[in-house]
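Please look over the structure shown here, together with its sequence, before reading the briefing.

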2 protein chains.
Amino acid sequence: MREIRVELGERSYSIFVGAGILAEADRLFGPLAQTPVLIVTDEGVARAQEANLNRLLESLNRRVVRVAPGEESKSMAGFSSLIDRLVEFEQDTVALLAFGGGVVGDLTGFAAACYKRGVPWIQVPTTLLAQVDASVGGKCAINHPRAKNLVGAFHQPRMVIADVETLHTLPARELRSGLAEVIKHGVIADAAFFDRVEQTIGRALQLDLEVLEDYVTTSCRIKAAVVGEDERDITGQRAALNYGHTLGHAIELAAHFRYTHGEAIAIGMACAGDLSVRLGLLNPVDAGRIEAVLQSAGLPTRAADLEANEVLAAMNLDKKFLQGANRFVIAREIGAVELRSAIPRTLIEEVLADRLAG
Amino acid sequence: MREIRVELGERSYSIFVGAGILAEADRLFGPLAQTPVLIVTDEGVARAQEANLNRLLESLNRRVVRVAPGEESKSMAGFSSLIDRLVEFEQDTVALLAFGGGVVGDLTGFAAACYKRGVPWIQVPTTLLAQVDASVGGKCAINHPRAKNLVGAFHQPRMVIADVETLHTLPARELRSGLAEVIKHGVIADAAFFDRVEQTIGRALQLDLEVLEDYVTTSCRIKAAVVGEDERDITGQRAALNYGHTLGHAIELAAHFRYTHGEAIAIGMACAGDLSVRLGLLNPVDAGRIEAVLQSAGLPTRAADLEANEVLAAMNLDKKFLQGANRFVIAREIGAVELRSAIPRTLIEEVLADRLAG
């Protein structure tokens, strides 16, 4: 088992990563093991991870809430209903535990942020995406019909337990989606890790636990270093994590979520690579390596079913287009990125024309 | 105009107190004067303070949301609807402004805490209670049908503009309620201020602006000093502000809110005084002075319509009864309090029997 510290002053916490470590959950909980815990999960995860869930429920004063899988649970109604369940639980002190993927983590974290103005929560991510991304940063939110993640908080968990064995029950498409963020972490901050991913991506797709443990550990370490500098996303350093996301989010929107987040980000990263090359920063060979590893992970790097114009229109709605001025994270080389503003629209159009339907 | 600084590191802000200072609001807003502002008020305040509200709305990019007066607006439905109004406002950057009493401040502050994970807000309290209490501390919350203030956040405003002239349109009963917290601030921290309140309480009831400015300024200064030591109510220092509140909240609950918050707190303070005397700390003469000034403010110090047993039952539901062990703020003298745990139940019963119906 490995332990990564996320250093955020009095809000610091540990991420435990390993295979089968949920068996030791009660020991890892530390002082929280005595606290009544409301476990939030979704129906799919509850079925797939029944043994782990039952083990978590063996202790006294634990109760489980099963929400419907999917973004719909991350709504004002879902939030209100989770608060009702907390009230029904009738405990003087309480902690929440998110057992599932990003939706469960977002909903649970936001409820923990607001209930009694903040109660502790533990994150047990069961998707690769949640293990490598949502584990770090404390961002949690619910959706509004007009915009994703519009209502939320920064509320750091007390600990994260990322058991890579839970990934065995993850649908293959979701595993690949998580790999997009893993590759991103190599590109933005760690060339040696990127090299390792190139070598081991096939084993990751075969669910090799050692490889997955490396991916989760290194990803969390990279993201923790960035978030430690910019907890509340103010100084712009946290923006590095948005590599591939400016176009990726627009692709998600324009495709009406036909692509998973990871798939859209993979296409967005391929576009960001092209843009970096055209701006004279990134070496075309390195851009090719990024594209190749995305493809090895089974991720798309083109979207022939999307019009460039649709993506441009969606981009104007994106919050990253602060005050109308675009901002892109651009790769200088594998392992180093920088923030660039006011990229000429024609350049963006050329890149999109190349990777999407004209 | 006076300025009180609430020192909370990067969340520090100023409270401006004066008569007629809303006329200068745009200058006080500083950088926020250029930001689109959604003003939240209630229908009663909007009518009573029409001229001030219209002046605030003169600037570009301001819009007003009027909610129904009363606790019902501080609900999940009220929160959700305010978020909808923020979305309809369709601004890239936005600030909220709470123009009203405690309900408006709580709802607005909580929406500002959550919208886009936190946007700036300005507090313009128009009741004495909100000026002397809610102005400091950043606590904001909505109610749950089963408990008040159950869902909330700590979200400091960017500034508070407390214009004592707005108190001219305040119903007399609400003015008296605010005075209960003013008197409390003297009791817990400032004997000289308590002396001044004894001398000037009659003028305050006549809405003497100079006296009210002193009350608001000194109250904010006292509360700011306490909150500065214990922003998130963790170390227990903030507990001093709960003088009279342990029994006061129980009285509010047991009386099903027949008493205003201030009235219940006044009875609670009289009880806390008795308890302090019986514990051998407070001088009976000083307890008498506290009761006398509460009475001069037109506040009740007894509740013959309430059974002691009902209040004891309500107390067991109160969050201040941490883990079943009671905690009381006890006065040592006028201007100094301390926290005492595990006060014998018989002592509490005796005090209640004396001030309520046996």
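The points below are grouped by topic, from the overall model to a single residue.

This is a predicted model, and it scores ipTM 0.93 and pTM 0.94. For chain A the mean pLDDT is 94, with 97% of its residues reaching 70 or more.

**Relation between the copies**

- In chain B, seven strands form an open sheet with mixed pairing, and their order is β1-β2-β9-β6-β5-β3-β4. The edge strands are β1 (2–6) and β4 (62–67) of chain B, each of which pairs on one side only.
- Direction ignored, neighbouring strands of this sheet are turned against each other by 20 degrees on average.

**Helix α5 of chain B**

- Helix α5 (residues 102–114) of chain B packs on the sheet, where it touches β3 (37–42), β4, β5 (95–100) and β6 (121–125) of chain B, and the direction of the helix makes about 170 degrees with that of β5(B).
- The 13 residues of α5(B), at 1.5 Å a residue, should span 18 Å, which agrees with the 18 Å that separate its end C-alpha atoms.
- α5(B) is mostly covered, with 12 of its 13 residues buried; among them are B:V103, B:V104, B:L107, B:F110 and B:C114, as well as B:D106 and B:T108.
- α5(B) is followed by B:K116, which has a positive phi, near 50 degrees.

**B:L175 and its surroundings**

- B:L175 lies in helix α7 (residues 172–189) of chain B, and with a relative accessibility of 4% B:L175 counts as buried, because the cut-off for that class is under 20%.
- Leaving aside residues up to four places away in sequence, B:L175 touches B:L128, B:L170, B:A204, B:L205, B:L207 and B:L212.
- Between B:L175 and B:L96, which are 79 residues apart along the chain, the C-alpha atoms are separated by 26 Å.

Methods. Residues are numbered from 1 along each chain as its sequence is written. Chains are lettered from A and ligands numbered from 1 in the order in which they are written. This is a predicted model: local features need pLDDT of at least 70, side-chain atom pairs count only at pLDDT 80 or more; totals for chains, interfaces and linings use all residues. Side-chain values use heavy atoms; hydrogens and water are left out. Two strands pair if DSSP finds at least two bridges between them. Helices (H or I, at least four residues) and strands (E, at least two) are DSSP runs, numbered from the N terminus. Axes are lines fitted to C-alpha atoms, for helices over the stretch in contact, and angles run from 0 to 180 degrees between N-to-C directions. Contact means heavy atoms within 4.5 Å. The expected span of a helix is 1.5 Å times one less than its number of residues. Buried means under 20% relative accessible area, exposed over 50%, partly exposed in between (1.4 Å probe, protein chains only). pLDDT is the predictor's confidence in each residue, from 0 to 100.
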